[in-house]
Amino acid sequence: MKHEPDEKGYWGDYGGRFVPETLVAPLDELTKAYFECRNDTEFRTDLSGFLQTIANRPSPLYFAERLTKELGGAKIYLKREDLNHTGAHKINNCIGQILLALKMGKTRIIAETGAGQHGVATATVCARFGLKCVVYMGTEDMRRQELNVFRMRLLGAEVRGVDSGSRTLKDAINEALRDWVTNVSDTFYLLGSALGPHPYPLMVRDFQSVIGRETRSQILAAEGRLPDILIACVGGGSNAIGLFHEFLQDDEVSMIGAEAGGRGEQLGEHAARFKPGAKAGVLHGTKSYLLQDSEGQIALTHSVSAGLDYASVGPEHAFLYDGGRVKYTSISDEEALSAFQLLSSIEGIIPALESSHAVAQAVKTAPQMSSDKLMVVNLSGRGDKDVAAVAEELGSDLGGTRLQ
Amino acid sequence: MSRIKRTFEQLKLDGRKGFIPFISAGDPDLETTAEIVVLLAELGADIIELGVPFSDPIADGPVIQASSQRSLDAGTTLGNILKMTAELKNRTDVPIVLFSYFNPLLNYGIERLVSDAAASGIDGILITDVIDDEASAISDTLAKNNIDLISLIAPTTTDTRLEQITQRANGFIYAISRAGITGARAESSSEAENLVSRIRRFTDLPIAVGFGISKREHIENVWRYADAAVVGSAIVTQIEKEKERAALLERIRAFTTSLLPKK
């Protein structure tokens, strides 16, 4: 199986570049700069230094002893991306891209954000390296994530509300692309997931694959062998591909990507792009599986977790799905909420609602495996940002029997 | 010979330059769109661009975004747009170019689109987010059916790409006046003239300039150095302002007349 895209940025039928002509030159410039840095010793040394000092890497691989006992099956490890600076895996990619932006002499950074995690991580690296930062965010998301809006502003970023469409992540990406197409010469678009036009899916995956590389050496140190199964949640898919990529050639390692099953099977009620009957399409510069109506208009999506609430998915995941290398499942809002509470109460770790989808998949899968099997769950972010939303979702349950 | 090619040859013979208005198909509804097309042709449009509405129009400014959304809200589909243009064939012979994002076309099916578009009197298709590198399969199928795939060229397009794009291009070249999204601007761009002269080094195809052309002096300026001017948002703004059909047509007549230099 081939894991590098071709020169046009395709993994099989997925990926490529579907953008206005104006963006081709900046994408070519970015691709050239990225490929120069990709194997450059100095760039890699800088990157790994900053990953250590800014992001607090390596993140621990943590044996979830009580969760393992509770579920009574595979031995469960959590890859603790929640312990990174800014609270999620997003910072890995932001450090990589901002070093590239500096190398390219760009002075203005733009980004999109859904829940605000990528926006906060971008604002953080911009503050650290002294670059101007504009973050686009749907006004509906701004309302739901007020705290992150304030956090970004505190970090010196300008947050621009996007009032079009569903006023969420998809619309924020539209607006960031419109900004980029207008300000191509000085602006660097710091895209937050493994999607968008080539070279973004490749570049973001590379910057996130530090997760898998660390996991390999940590599990070998702890157990003397590779894990049997990896589990991660999949929105755009950057934390998942970051964990999976390192192991794609290891046939003995199986992988599950958990999508947002939302609150129902109907279009508009979930963000599960790989449901049976799914169809490929083009959104935001890339060809991949895409939730769309019968006319090819992009469908609205729903998930309790803003970070998974997106109509498309990174193209490499589409390729891995078709080839069967990774299995994709969907986890409902309800299952994610219950995993959120379980991990909090049993391990003392409050997971992000996104990561709670991965935990919920572990709850389903671990009991079906024997106790000599090893499972790694990517805990992609911490749940502090979600506490208020969860309290609202659970209503009286939160103050009820479970937490007494 | 395609009707687009014939149109530009005729313009050349007459010593005139072209006027290409853009409207979103289905805003406010397809019946009105048909009336607007007939009216614009009567007022002197040489080619008409019909926008296929899309939920996520990343290359468009606020005016066309809103127009596209109104069209979707009215229930416009690609199939209905093609039905409308098929009926228009009896009323006007102005060439029609569909202006679309890729996903609605991909979803419709490229083979099906090409045969339906050919049967519906579509002369050209312009796909905002399909760059030359992705266009080969589509342009070959279109060419077999006498439909031109219109190529966009931007100020950021390099000479290497210009050479590649102009080799495949047919119909006319759509030169984007400046880096950015669609929408009216106060000043016309000097970048555009440089771009047009760069394009001329690679092709003899007619060149239309669009994006930000909203006033008579912009059109006069473009006509100095290019073959046609595309006006989009400025006309779409007129549509936004009037609900009632007869009044809307009157408004468009008055605006378009004021826009066009006296013959």
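In this predicted model, Lys170(A) and Asp56(B) form a salt bridge, with their closest N and O atoms 2.7 Å apart. Both Lys170(A) and Asp56(B) are buried. Lys170(A) belongs to helix α8 of chain A, whereas Asp56(B) sits in the loop between β2 (48–51) and α3 of chain B, so the pair joins two chains. Side chains of opposite charge can pair in this way when their charged atoms come close.

The boundary that this pair crosses involves 36 residues of chain A, in contact with 34 residues of chain B. About 2800 Å² is buried between the two chains, and carbon and sulfur atoms account for 53% of that area. On the side of chain A, Glu21(A), Arg178(A) and Gln297(A) supply 25% of the area buried against chain B, more than any other three residues. The count of salt bridges between chain A and chain B is two.

A further boundary lies inside chain A. Between domain 1 and domain 2 of chain A, the count of salt bridges is zero.

Which parts of chain B and chain A do the buried residues of α3(B) pack against? They pack against α8 (169–182) of chain A, together with β1 (18–24) and α11 (233–241) of chain B. Helix α3 of chain B covers residues 62–73, twelve in number, and reaches 16 Å from its first C-alpha to its last, close to the 16 Å expected at 1.5 Å a residue. Its buried residues are Ile64(B), Gln65(B), Ser67(B), Ser68(B), Ser71(B) and Leu72(B). These cover an arc of only 165° around the axis, which puts them on the same side of α3(B). An α-helix has 3.6 residues a turn, so residues three or four places apart point the same way. The face turned away from the buried side of α3(B) carries the exposed residues Pro62(B) and Asp73(B). After the helix comes Gly75(B), whose phi is positive, near 85°.

The side chains of Asp27(B) and Arg70(B) meet at 2.8 Å, N to O. Asp27(B) lies in the loop between β1 and α2 (30–43) of chain B and Arg70(B) in helix α3 of chain B, so the pair ties together parts that are 43 residues apart in sequence. Asp27(B) counts as buried because its relative accessibility is 2%, while Arg70(B), at 26%, counts as partly exposed.

Over all chains, the structure holds 51 salt bridges. Among them is the pair of Asp82(A) and Arg80(A), with closest N and O atoms 2.8 Å apart; both of these residues are buried. Elsewhere in chain A, salt bridges that share partners join Glu4(A), Arg38(A), Arg205(A), Asp206(A) and Glu316(A) into one network.

Conventions: Residues numbered from 1 in each chain as written. Chains lettered and ligands numbered in written order. Predicted model: local features only at pLDDT ≥ 70, side-chain atom pairs only at ≥ 80, totals over all residues. Heavy atoms only, no water. Helix = DSSP H or I, 4+ residues; strand = E, 2+ residues; numbered from the N terminus. Expected span 1.5 Å × (residues − 1). Buried < 20%, exposed > 50% of the residue type's maximum accessible area, 1.4 Å probe, protein only. Arc of directions from axis to C-beta. Contact = heavy atoms within 4.5 Å. Salt bridge = Lys/Arg side-chain N within 4 Å of Asp/Glu carboxyl O. Buried area = accessible area lost by both parts, 1.4 Å probe.
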